[in-house]
Amino acid sequence: MDYSYDFAKIKAKYPEKIGLEQMRVICHISKKTARYLLTSGLVPCIDTGKKTRQYTINTKDVITYLKATPHNSRLTA
């Protein structure tokens with residue numbers, strides 16, 4: 001699938017810090033893939049160690065990942 005992203009709308013719609021679920025929605029990926037991106041360091045995040053709301057992610061880091069990764073080679077699970 002080819003998704004085009006409007007980065008200005010993403011910045012306007014989401015707060016500066018987001019969680020795993022919001023990142024998943026922005027990137028159009030599964031929870032498993034989103035968790036892989038965070039744990040592998042492909043998308044920088046802060047691991048709070050909690051069971052819920054475990055990851056704190058900067059929206060700008062998600063946008064940087066989307067810009068750096070070609071649409072057709074983006075991980076999907």
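The model is predicted, so local features need pLDDT of at least 70 and side-chain atom pairs count only at pLDDT 80 or more, while totals for chains, interfaces and linings use all residues. Residues are numbered from 1 along each chain as its sequence is written, and side-chain values use heavy atoms, with hydrogens and water left out. Helices (H or I, at least four residues) and strands (E, at least two) are DSSP runs, numbered from the N terminus.

- Three strands form an open antiparallel sheet in the order 1-3-2.
- Strand 1 and strand 2 (46-47) are the edge strands, each pairing on one side only; strands pair if DSSP finds at least two bridges between them.
- Strand 2 is joined to strand 3 by two bridges, and Ile-46 stands opposite Thr-56 in strand 3.

**Helix 4**

**Nonpolar core**
- A nonpolar core is a set of buried Ala, Val, Leu, Ile, Met, Phe, Trp, Tyr and Cys residues joined through side-chain atoms within 4.5 Å.
- The largest has 19 residues, and Met-23, Val-43, Ile-57, Val-62 and Leu-66 have the most contacts inside it.
- Helix 2, helix 3, strand 3 and helix 4 each give two or more residues to this core.
- Beyond its neighbours within four places in sequence, Val-43 is in contact (heavy atoms within 4.5 Å) with Met-23, Leu-37, Leu-38, Ile-57, Asp-61, Val-62 and Tyr-65.

Methods. Buried means under 20% relative accessible area, exposed over 50%, partly exposed in between (1.4 Å probe, protein chains only).
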